[in-house]
Amino acid sequence: MKKELKVMRDLRHDNLNPFVGACVEPPNIIIITEYCSRGSLRDILENEDVKLDNMFNASIIGDIVRGHDLSSRKPSSFPWQPEVLKLYWRQRNGFRKQCEKLLWKSPELLRDPYSPSNGTQKGDIYSFGIILHEIISRKGPYGHTSMTPSEIIKCVIRKDMDIPFRPRVAKLSESFDCVISCMQECWAEQPESRPDFKAVSAKLRPMRRGMKPNIFDNMLAMMEKYANNLEALVDERTDQLNDEKRKTDALLYEMLPKYVADQLKRGHKVEAESFDSVTIYFSDIVGFTNMAAQCSPLEVVDFLNDLYTCFDAIIENYDVYKVETIGDAYMVVSGLPIQNGDKHAGEIASMALHLLQEIKKFLSGTNQKTLSC
């Protein structure tokens, strides 16, 4: 026994909870293992705040498989758990708690009062199948059920049932087809029909397709992918922000002189200025009132939009500043906000002649009724 305990103590693996020692002083026999700071597998699965995606499920299941495959024999009611998450099942007191511990035990061991105290390999395979269901469903070994643990155990033990009593898999996600198939093979009624852990590892390989060997490599790969996506997203959002900024600036410059707008954007106070000499252009459309009365509102708006878009394109060629448009009125000034000496009169005159020339060949995009007006 001492030799066996020494072998257990010397056994070290990433997927096994290390055995530290044992206290054999009667009346208490105590097994001592490394403290699991992150809690048990049950703690993880019952904590709704912990979200387990396919990657984490695959990593947890893979660690359990490697831990099982490494250890030769252990009690079916106390399956080994992956050390990477420091998982283990805690001992519980009372009849109900004792029955709870048997929920993972295979039917042949439950029926045999003289079953091996350290369990069997085929019994461990059955236990692993129940754990698979618990990990995927996250609703306990047998899911949400009104049955008590003792009632579940009685149903599992019964031999007169056409279909052996097992956890229901109908509501599990179809994305876990290979896991569902594997767990059903693991809890087969006949022990010899159950696969070994090497076969289990092969059956579960599809769920790890495209993943790294361990959870940490997967996390690093996921973080790297996230960082790259985040960098691309930041660049995209930055471009969108710059586009919106340009649109905002263009709108602001339409409303205010560029010099004034730039001062306001910098947070500076804009001082009022006076100009000794400027030239103002002011125009309206002859007969606009009659036209507006005969046309629909949308036709009037379309006509004015086409006309003043044409005007805006022309005045860009001159040293002028458009003050505003109100209805059919169009107001432009030269000599402010940037003074241009005595050139303002010539700029406005040249611009006015250009507008008159362009209006002769102006065609609105509106319908014929508006044009006739």
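Which residues make a nonpolar surface patch of about 360 Å²? Y226, L230, L233 and V234 do.

## Model and conventions

This is a predicted model: local features need pLDDT of at least 70, side-chain atom pairs count only at pLDDT 80 or more, and totals for chains, interfaces and linings use all residues. Residues are numbered from 1 along each chain as its sequence is written, and side-chain values use heavy atoms, with hydrogens and water left out.

## Overall makeup

The protein has 15 helices and five strands. Both are DSSP runs numbered from the N terminus: helices are H or I with at least four residues, strands are E with at least two.

Buried residues make up 38% of the 373 residues. Buried means under 20% relative accessible area, exposed over 50%, and partly exposed in between (1.4 Å probe, protein chains only). The protein exposes about 23500 Å², and carbon and sulfur atoms supply 55% of that area. Areas come from the Shrake-Rupley method with a 1.4 Å probe; for residues, only the protein chains shown count as cover.

Of the contacts with a separation of 6 or more, 63% join residues 24 or more positions apart. A contact means heavy atoms within 4.5 Å.

## The surface patch

L233, one of the patch residues, sits in helix α10 (residues 215–255). L233 is partly exposed, at 34% relative accessible area.

Patch residues have over 30% relative accessible area and no salt bridge; like charges are joined within 9 Å, nonpolar side chains (Val, Leu, Ile, Met, Phe, Trp, Tyr) within 5 Å. A salt bridge is a side-chain nitrogen of Lys or Arg within 4 Å of a carboxyl oxygen of Asp or Glu.

## Aromatic pairs

The whole structure holds five aromatic pairs. Rings of Phe, Tyr and Trp (its six-membered ring) pair if their centres lie within 6.5 Å; planes under 30 degrees apart count as stacked, over 60 as edge-to-face and the rest as tilted. F128 and F197 are one of these pairs: their ring centres are 5.7 Å apart and their planes stand at 70°, so the pair is edge-to-face. F128 lies in helix α6 (residues 121–137) and F197 in helix α9 (residues 197–203), so the pair ties together parts 69 residues apart in sequence. F128 is buried at 1% relative accessibility. F197 is buried too, at 4%.

F311 and Y330 have ring centres 5.2 Å apart and planes at 80°, so this pair is also edge-to-face. The pair links distant parts of the chain, 19 residues apart: F311 is in helix α13 (residues 297–315), Y330 in strand β5 (residues 329–334). F311 is buried at 7% relative accessible area, and Y330 is buried at 0%. Together with Y308, F311 and Y330 form one aromatic cluster.
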